[in-house]
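Please read them with the structure open.

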Amino acid sequence: MDKEKTILIVDDVEINRIILADIFEENYNIVEASSGSEAIQLINGNPDIAAVLLDLLMPGVSGLGVLEDMNNTGKIKSIPVFLITAAESDAVLMEGYHLGAVDVIRKPFMTQFLQCRISNVIELYAHRNALEDIVARQVAQLKEINQSMVETLATIIEFRDCESGEHVKRIGKFTRIMMTEVSNAYPEYYLPKKEIDKIVTSSILHDIGKISIPDSILNKPGRLTAEEFDIMKQHTVKGCEILQNIPDIMDKGIYSYSYDICRHHHERWDGRGYPDGLSGDDISIWAQVVAVADVYDALTSERVYKAAYSREKAVEMIYNGECGTFNPKLLKVFRGALEQL
Amino acid sequence: MSMLEELKELGVDVDGGIKRLSGKESLYERMMFKFLDMMKKSVVSPDFDNDNYMEVIEAAHALKGAAGNLSVTPIYEAYGKIVDLLRTQKPDEARAVLTDVLPIQEKILDCIAKHANA
């Protein structure tokens, strides 16, 4: 058995600590704490602790207090805790179990059983922790692969659109800034960072439907005719159709945000957008944010049919409603967001 | 007579205590000296307040645990009863158990003290 693992013995009575240390020191490193608060410090500061043998009744912070702290820090999931008890009430022991303790060690100690029980649980936890690490690494790898597939897809569409691929990156960046700003400023639009991350990934797929638009329209140097514009508008719905055919390349959250953004990033606050003519907050806040980001980026970029506008001119056009009406709350955070670009 | 032999005669399960320490007799002796210190520091006296004895429970509980681990059977059993009786609000009965154990407790502690100073 290796001696890389450490057992923390927590008991205010030195005799009990020495006896337990004597049982385990042959196979484990031993650290001792004579109080609950000392135990908490050691648990949070020593990554090698493989098990805690914890007395319940101690002056100051009790054993239950230590367990509560381990629940708060999440350590209880990776470190097995054994309660040392002389004869605490069943209610106290139950509370200990509810707080995540794995077993109870009764005094007087039964030496030979203790060694087996505790070593077995330590090995079990080590195995479980190792498996969790592997799963976490694989999940992270999968996420990376997903992300790069989504980015690849978005970049291909951009190249078809005679763009460099930078447009989608800028949209992602601006979406993150705007989403964070609007989420912080308005409780009704609050979203946790984890969700904003998904929205950012989804935002880069907003124009995926353009792959179905003929080159003659997509890259037409001049103004589109009404009929051509109707076809162009179809990229929102076509994008959703494409996503419906590849739902498995992304996780459920990203799929649902992507679908919504694809379909609704040309809707407008006053209901005069397309394809569904949604208005106000019937349009999701993420689709509204991507709409603003998309318009701003289109205005400030050179396209086959137009030169790039200056930043000031683009802002003026957006505020004047020349590119459709946007949510006033969004426009309030728009300037601040621009400064972070 | 050695300390351990004397303690056996006073009802201490010396063999059980040493077995708990993987047969380490000298460690057991050292533990007995620590036990003496502990008993001196946390004296449980029969003149405790009948309405307020939380601290008595805590002290008795700690002594019970240590005595149990060292197999000091008379003290372990008596303090176990004292804790149970106090937890069930029977201070007079607890006091009676404490008064009964004090003479043997004193003999055990005197024995350890004698050898500690030897």
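1. How many cavities of 30 Å³ or more does the rule count? The count comes to one. Bear in mind throughout that this is a predicted model. The largest cavity holds about 70 Å³ of space.

2. The largest share, three residues, comes from α12(A). By class, the lining of the largest cavity has six nonpolar, four polar and two charged residues.

3. Now the open sites. The largest pocket has a volume of about 1200 Å³. It is lined by 40 residues. Closest to its centre are Phe229(A), His266(A), Tyr274(A), Ala298(A) and Tyr305(A).

4. Which elements give two or more residues to the lining of the largest pocket? They are α8 (215–218), α9 (226–233) and α12 (285–300), and they belong to chain A. The largest share again goes to a helix named above: α12(A) supplies four residues of this lining, and α12(A) also gives the largest share of the cavity lining.

5. With seven residues, α4(B) gives the most. By class, the lining of the second largest pocket has 13 nonpolar, 10 charged and three polar residues.

6. On to the interface. Chain B puts 21 residues into the contact, and chain A puts in 16. About 1700 Å² is buried between the two chains, with 61% of that area given by carbon and sulfur atoms. Which three residues supply more than any others of the area that chain B buries against chain A? They are Arg20(B), His61(B) and Asn69(B), which supply 32% of that area.

7. What polar links cross the interface of chain B and chain A? The rule finds six residue pairs in polar contact, both residues being at pLDDT 80 or more. It also finds two salt bridges across this interface. One salt bridge joins Lys34(B) to Glu14(A), and its closest N and O atoms are 3.1 Å apart.

8. Which elements of chain B each supply at least two residues of the side that touches chain A? They are α2 (14–20), α3, α4 and α5 (73–87). The largest share, eight residues, comes from α4(B). By class, this side of chain B has nine nonpolar, five polar and seven charged residues.

9. One point to check by eye is α4(B). This helix gives the most residues to the lining of the second largest pocket, and it gives the largest share of the side of chain B that touches chain A.

Note on methods. Residues numbered from 1 in each chain as written. Chains lettered and ligands numbered in written order. Predicted model: local features only at pLDDT ≥ 70, side-chain atom pairs only at ≥ 80, totals over all residues. Heavy atoms only, no water. 1 Å grid on protein atoms, 1.4 Å probe; cavity = no way out; pocket = protein on both sides within 12 Å on 5 of 7 lines; lining within 4 Å. Points joined across faces, edges and corners; volume = space filled by probe spheres on them. Nonpolar A, V, L, I, M, F, W, Y, C, P; charged D, E, K, R; others polar. Contact = heavy atoms within 4.5 Å. Buried area = accessible area lost by both parts, 1.4 Å probe. Salt bridge = Lys/Arg side-chain N within 4 Å of Asp/Glu carboxyl O. Polar contact = N/O pair within 3.5 Å; in protein donor to acceptor, adjacent residues only side chain to side chain.
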